[in-house]
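Please look through the structure below slowly, one region at a time, and keep the sequence beside it as you read the explanation that follows.

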Amino acid sequence: MTARAVLRQAEPVRHSRILGIGGERGSRSVTNDEIAGPIDSSDEWIRQRTGIVTRRRATDDVDVLDLAEAAARRAMDAAGVTGAEIDTIVLSTITYFHQTPSAAAVLADRLGATPAAAYDISAACAGYAYGIGQADAMVRAGTARHVLVIGAEKLSDIIDPTDRSISFLLGDGAGAAVVGPSDTPGIGPTVWGSDGAKSQAIRQTHSWSELRRDADLGWPTLRQDGQTVFKWASFQMAPVAAKAMAEAGVQPEDIQVFVPHQANMRIIDQMVKQLGLPESVVVARDIADTGNTSAASIPLAVDRLLTEGKARSGDLALQIGFGAGLVYAAQVVVLP
Ligand SMILES: CC(C)(COP(=O)(O)OP(=O)(O)OC[C@H]1O[C@@H](n2cnc3c(N)ncnc32)[C@H](O)[C@@H]1OP(=O)(O)O)[C@@H](O)C(=O)NCCC(=O)NCCS
């Protein structure tokens, strides 16, 4: 009998970290006054209830791939990594309207990253934190060396200007990070999960197959049960963020930066309070003039804090994404 061959497995590396971050916002600033009319709202109401003063939206000639490409190029520049050195692309989006091929594969070609493994994930506003968790695991397992993680959304493509439940919150943008090997730990354990029993709390008005059967339904747009989402985010997400700190072995006093998904300023304030973060912690408040850009919101906010010098390379940042699914993911990372 001949002996069976023993498989060789990928050689693990000890640590991973974020090597560079980049972002791209829609070029237009859209004021509350511009969108308040059709929803019988006002600048004052929107500011008070959400903290949003303006949101950034892309022009008609820019699509979600254009936003993703611009953010990816900046992240690669910041990381000092070329397209040829990227071997995996994980792209989170809910606004790429092709069932196949994936946006990630098309983007890989645009970036000169072929033959990188490339796939899209659907984790809405948690998509970037999901992607960082996957990238961390792949790099440490030795199955990837440089993973490009992108959250990209042109949410203005799925808004209904007459909807007062969610559309007025939304903006367009993309944020990207390159994750690679590191001598020291740069990404803490990812605490993630879902609650599909609340799948209808943030939803598409109708499916593509329903639209196919009945064209009168028109283009699907987003809706949400604002209060359900508000309560879930405000009170159930802080324990998830706290667990991410505990699993990373750090205390609130060890954190320099807090980057929650940019959904609503009141949710951000509530989470800061519940987590007992010291006043010294820099809290991302990018939502005020960017709006909610779903999967792009965390990397966009981090990129801005770094660019404006409010956060520094080496800072410990607690980040948490949460949204439609419902899904969530949090981790503590070292900023690049
Ligand atoms: C959407 C949201 C801003 C609504 O704020 P809210 O304080 O919960 O508003 P409510 O639904 O309780 O409504 C309060 C009042 O405002 C009115 N209202 C609701 N939406 C409004 C709007 N867009 N503009 C003006 N008035 C509005 C309601 O009719 C109600 O009026 P009434 O008191 O006369 O009956 C808030 O629920 C929210 O931010 N939810 C979470 C959103 C989120 O984070 N989503 C993304 C997760 S990824």
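Leaving out residues up to four places away in sequence, Gly171 touches Arg55, Arg56, Arg57, Glu153, Leu155, Thr290, Asn292 and Thr293, where contact means heavy atoms within 4.5 Å. The model that shows these contacts is predicted, so that local features need a pLDDT of at least 70 and side-chain atom pairs count only at pLDDT 80 or more, while totals for chains, interfaces and linings use all residues. Residues are numbered from 1 along each chain as its sequence is written, and side-chain values use heavy atoms, with hydrogens and water left out.

Gly171 sits in the loop between β6 (147-154) and β7 (172-182); helices (H or I, at least four residues) and strands (E, at least two) are DSSP runs, numbered from the N terminus. Gly171 counts as buried because its relative accessibility is 0%, and the word buried stands for under 20% relative accessible area, exposed for over 50%, and partly exposed for what lies in between, with a 1.4 Å probe and protein chains only. From Gly171 to Arg4 the distance is 56 Å, C-alpha to C-alpha, and the two are 167 residues apart in sequence.

Which residues of helix α2 (residues 43-50) are buried? They are Asp43, Ile46 and Thr50, and because they cover an arc of only 75° around the axis, they lie on the same side of α2; the arc is that of the directions from the helix axis to the C-beta atoms. An α-helix has 3.6 residues a turn, so residues three or four places apart point the same way. Glu44 and Gln48, on the other side of α2, are exposed. The buried residues of α2 pack against α1 (32-36), β3 (54-57), α8 (265-275) and α9 (287-290), and just after α2 comes Gly51, which takes a positive phi of about 80°.

The loop between α1 and α2 holds Ser42, which counts as partly exposed because its relative accessibility is 29%. Asp40 lies in the loop between α1 and α2 as well, and although Asp40 is not a glycine, it has a positive phi of about 50°. With a relative accessible area of 65%, Asp40 is exposed.

A positive phi, of about 45°, is also found at Ala124, which is not a glycine. Ala124 lies in the loop between β5 (117-121) and α5 (127-141), and at 6% relative accessibility Ala124 counts as buried.

Two peptide bonds deserve a look. The bond that joins Thr100 and Pro101 is cis, with omega about 0°, and Pro101 lies in the loop between β4 (88-92) and α4 (103-110). The bond from Gly325 to Leu326 is cis too, with omega near -10°, and Leu326 is found in the loop between β13 and β14 (327-334).

Strand β13 (residues 316-323) contains Gln319, which is buried, with a relative accessible area of 1%. Apart from neighbours within four places in sequence, Gln319 is in contact with Tyr128, Ile132, Val259, Ile298, Ala329, Ala330, Gln331 and Val333.

Finally, consider the whole chain. The protein is divided into domain 1 (15-182) and domain 2 (191-334), with bounds that come from an automatic or database domain assignment. The contact between them takes 48 residues from domain 1 and 42 residues from domain 2, and their centres, taken over C-alpha atoms, are separated by 14 Å.
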